[in-house]
Amino acid sequence: MMEKMIFGRYVPIPSVIHKMDPRSKLIIIFLFVAIIFLANNWITYALIALYTFFMLGLSKVPFRFLYGGLKPVIWLVLFTFLLQLFFTKGGNLVFDWGPIEIYEEGIRMGLFISLRFFFLILITSLLTLTTTPIEITDGLETLLTPLKKLRFPVHEMALMMSISLRFIPTLMQETDKIMKAQIARGVEFASGPIKERIKAVIPLLIPLFVSSFKRAEELAIAMEARGYRGGEGRTKYRQLSWRMIDTLQVGLLVILTILLIIFRS
Amino acid sequence: MDISLSQVEYRYQANTPFERIAIQDVSIDIPTGTYLALIGHTGSGKSTVLQHLNALLVPTEGTVKIGEHEIKSHQKNKNLREVRQKVGIVFQFPEHQLFEETVEKDIIFGPMNFGVSEKEAKARAREALKQVGLGEEILEKSPFDLSGGQMRRVAIAGVLAMNPDVLVLDEPTAGLDPRGRNEIMEMFYTLHKKRNLSTILVTHSMEDAAKYADQIVIMQRGRVMKKGTPTEIFSSPSELVKMGLDVPEVVRFQMKLEQKLSVKLDKVYLSIEELSSAVAELLGRGVRT
Amino acid sequence: MTKKPIISLNDVCFQYDGQDNYALHSVTFDIYEGEWLAIVGHNGSGKSTMAKLLNGLQFPNQGKITVCGLPLTEENVWDIRKQLGMVFQNPDNQFVGTTVEDDVAFGLENMGIPREEMVLRVQDSLKKVKMEQFLYQEPHHLSGGQKQRVAIAGVLALSPSIIILDEATSMLDPRGREEVLEVVRDLKNENRLTVISITHDLEEAAKADRIIVMNKGEVYREGTPEEIFSMDEELIKLGLDIPFSVKIGKAFRQKGIDLPKHYLTEEELVTELWTSHSHK
């Protein structure tokens with residue numbers, strides 16, 4: 001039952017986007033989040049849409065996986081749309097029914113803001129769909145390296161992230177096992193009033209905590225025994241390689257930025 | 001309580017691209033009072049079978065009968081709690097399920113979930129502790145202050161206190177030292193005899209299977225490969241070896257001896273005592289080579 | 001075999017904080033270069049504490065430990081760890097990397113080995129444990145035995161002179177146990193490693209060059225497997241067991257079959273029965 005939760009993330013297929021350096025992907029995402037606010041008319045939104053769908057196409061990620069990422073936020077998008085629709089005034093009155101008044105500007109703003117949301121979600125989920133969590137960690141670590149000068153613990157953060165990623169499946173298996181053991185002892189996780197259900201979680205959580213602490217302790221010992229003494233003087237096995245495609249992709253985004261600046265009103 | 005599995009199949013994540021058949025066409029009968037050993041390598045499907053024995057998993061095909069209850073796929077399976085009360089499972093490394101503040105509270109947790117009064121549950125806790133060879137003085141201790149071996153026993157006591165009719169044991173001695181292993185196995189056997197329990201032992205150990213079980217089921221790649229009494233199962237040891245399975249040490253020794261001396265003993269012996277007598281008699285008579 | 005001590009323990013005592021009893025008391029022995037030493041004892045006999053001390057994860061309250069000529073002190077501990085690789089009991093809790101190759105590289109990264117050399121060493125050591133097919137595999141797709149072999153590869157990559165197996169096979173199924181022991185046996189023969197295996201598996205100990213039996217934090221007995229297994233009932237009293245061939249040999253003797261000594265393998269015993277009893 002636990003296995004279902006993890007997939008829907010990384011989709012291992014060969015595509016240009018998958019092969020890109022996580023650093024370029026992260027740079028593109030950050031830039032994209034910024035420049036999407038430049039769009040303010042139909043032509044600029046059309047450019048953004050064109051770019052987004054072009055990237056989706058390159059990634060070859062099947063639509064249902066994208067939909068999986070959209071599903072949880074679709075209500076939020078709808079809500080923002082309605083909010084803008086009813087409360088933005090300006091332009092011609094299009095619809096008038098008692099207290100409800102809808103203006104031209106309301107429709108425009110509603111559409112624009114929900115589209116902005118929509119594209120943001122698509123592009124960011126494209127990152128997680130085409131990049132393994134460990135690649136993202138590596139990318140972040142390298143990009144954040146300058147922060148080391150400010151005594152920000154970049155290496156430690158990255159190590160923590162990669163160890164957490166490593167142990168997620170292990171903890172999932174463990175949760176499943178303890179859950180079954182407690183069900184066999186008469187605990188009902190899935191039914192009963194909410195108070196009972198919260199109580200039922202305790203026999204699951206405590207053993208999980210206890211075993212996680214034990215794991216953490218043993219892991220620390222094992223790491224020490226293998227000569228780990230902090231980030232200093234360490235070399236790195238995992239390597240990132242910036243290729244032509246990465247430069248091209250960043251270039252493409254720069255062109256998009258320029259176009260947006262030219263065509264925005 | 002009789003248990004029977006007929007043509008049980010289980011698929012993990014059925015109807016998804018990740019679908020995987022864990023077991024198929026598994027039929028096993030476990031009449032009341034049977035000591036059954038379920039043997040197979042990791043991944044052979046034996047843990048999946050185990051989880052069907054108290055409806056932790058519902059078969060995707062076929063039927064599981066536990067006492068009066070019939071568990072099938074595509075139907076609402078009611079009163080699973082009744083089933084679970086009757087079938088106690090000792091999971092691998094059961095000490096991982098301990099969570100209460102005191103040993104006593106942890107042991108009475110199971111029985112009280114199934115509606116036993118606190119007074120009755122506490123009486124059972126004392127009884128169960130005695131069975132697993134621990135003293136009452138630890139009742140008020142935190143289970144997390146105990147040694148690994150003691151924690152294991154407390155967890156087992158928590159299952160015994162539910163007074164199950166059927167006891168399912170998943171590698172109950174994994175990680176214990178030889179003395180602990182022996183004590184725990186003997187304890188379960190005594191209990192099996194005394195309470196006329198049905199016992200299902202999931203194990204890698206051919207020794208334990210040969211020593212305690214009256215029925216053995218061997219699983220391989222999700223299917224039942226062989227079933228029968230220990231004598232039946234081990235009477236053709238070379239077949240098991242060919243399947244990549246172990247045979248008990250005694251049987252292996254008998255094989256080697258028969259080969260070397262070019263003789264065939266009248267039957268397969270499952271204990272050192274019997275085998276050594278048979279060999280002594282054979283050598284006494286003199287072997288013609 | 002030249003008997004050159006690679007590790008010496010001299011009157012070592014150790015007590016955990018807040019405990020009344022000594023976990024180890026006045027322990028003195030040598031471990032020789034190139035030998036396979038099994039340290040056996042029931043759970044709580046002090047054998048696991050020994051592993052922690054040898055690696056400098058704990059320091060003795062009293063006494064001295066010397067590893068590869070260096071006294072084991074806080075200053076030397078990192079140099080000593082380079083000489084001495086450890087494989088722990090739980091296969092999951094020592095797997096640091098997100099994939100097999102990353103995990104093997106972890107120790108190398110810690111030592112600051114250049115990347116080009118790391119790649120070679122990772123591949124080479126995975127080949128030695130027969131796991132080269134699994135370079136990119138994630139740990140939760142591996143069996144216990146495979147994870148332990150990766151852990152061994154991680155140790156080998158640092159080319160230590162000593163490898164300590166701290167109950168490394170106790171959580172494995174029989175197949176996994178055999179895989180791991182076979183790999184260690186091969187490695188020992190090829191690389192002149194010193195192997196210290198801390199275990200309660202007596203079948204495993206029977207194949208060692210020498211056995212030390214621990215009880216209540218003290219060295220109870222030390223000797224070759226033959227010597228140790230002739231202790232017989234005494235071992236069972238210590239919470240241990242005796243190998244099958246010794247057990248059945250004993251039964252034969254009781255039934256009046258004359259056997260001159262203890263046999264540590266079934267083959268030897270079968271051969272003995274064949275030579276001395278079948279040609280009447």
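**Close-up views of chain interfaces and helix packing**

**View 1. Salt bridge between C:D102 and A:R238.** In this predicted model, the side chains of C:D102 and A:R238 form a salt bridge at 2.3 Å, N to O (a side-chain nitrogen of Lys or Arg within 4 Å of a carboxyl oxygen of Asp or Glu). The pair crosses between chains: C:D102 lies in helix 3 (residues 100-111) of chain C, and A:R238 lies in the loop between helix 10 (194-225) and helix 11 (244-263) of chain A. Helices (H or I, at least four residues) are DSSP runs, numbered from the N terminus. Over all chains, a search of the whole structure finds 49 salt bridges.

**View 2. Interface of chain A and chain C.** Chain A gives 28 residues to the contact and chain C gives 33 residues, where contact means heavy atoms within 4.5 Å. About 3000 Å² is buried between chain A and chain C, and carbon and sulfur atoms give 54% of this area. Buried area is the accessible area (1.4 Å probe) that two parts lose on being put together, summed over both. On the chain A side, A:R166, A:R226 and A:Y237 lose the most area to chain C, together 33% of what that side buries. Between chain A and chain C the count is 5 salt bridges. A:R226 and C:D103 meet through their side chains in a salt bridge of 3.4 Å, N to O.

**View 3. Interface of chain B and chain C.** This contact takes 30 residues from chain B and 33 residues from chain C. The area buried between chain B and chain C is about 2800 Å², with 63% given by carbon and sulfur atoms. In chain B, the residues that lose the most area to chain C are B:F253, B:K260 and B:L283, together 21% of what that side buries. The rule finds 4 salt bridges across the interface of chain B and chain C. B:K256 and C:E267 meet through their side chains in a salt bridge of 2.9 Å, N to O.

**View 4. Helix 3 and helix 4 of chain C.** Helix 3 of chain C packs with helix 4 (residues 115-128) of chain C at an angle of about 120 degrees, and their axes are 9 Å apart. Helix 3 of chain C is therefore oblique to helix 4 of chain C. Angles under 35 degrees count as roughly parallel, over 145 as roughly antiparallel, 65 to 115 as roughly perpendicular and the rest as oblique. Axes are lines fitted to C-alpha atoms, for helices over the stretch in contact, and angles run from 0 to 180 degrees between N-to-C directions. On the helix 3 side of chain C, C:V100, C:E101, C:V104, C:A105, C:L108 and C:E109 meet C:M118, C:R121, C:V122, C:S125 and C:L126 of helix 4 of chain C. The residues of this contact between helix 3 and helix 4 of chain C divide into 7 nonpolar, 1 polar and 3 charged. Ala, Val, Leu, Ile, Met, Phe, Trp, Tyr, Cys and Pro count as nonpolar, Asp, Glu, Lys and Arg as charged, and the others, Gly among them, as polar.

**View 5. Helix 5 and helix 6 of chain C.** Helix 5 (residues 144-156) of chain C and helix 6 (residues 174-191) of chain C have axes 8 Å apart and pack at an angle of about 20 degrees. The two helices, helix 5 and helix 6 of chain C, are therefore roughly parallel to each other. The contact of helix 5 with helix 6 of chain C has 6 nonpolar, 4 polar and 2 charged residues.

**Notes.** Residues are numbered from 1 along each chain as its sequence is written, and chains are lettered from A and ligands numbered from 1 in the order in which they are written. Local features need pLDDT of at least 70, side-chain atom pairs count only at pLDDT 80 or more, and totals for chains, interfaces and linings use all residues, while side-chain values use heavy atoms, with hydrogens and water left out.
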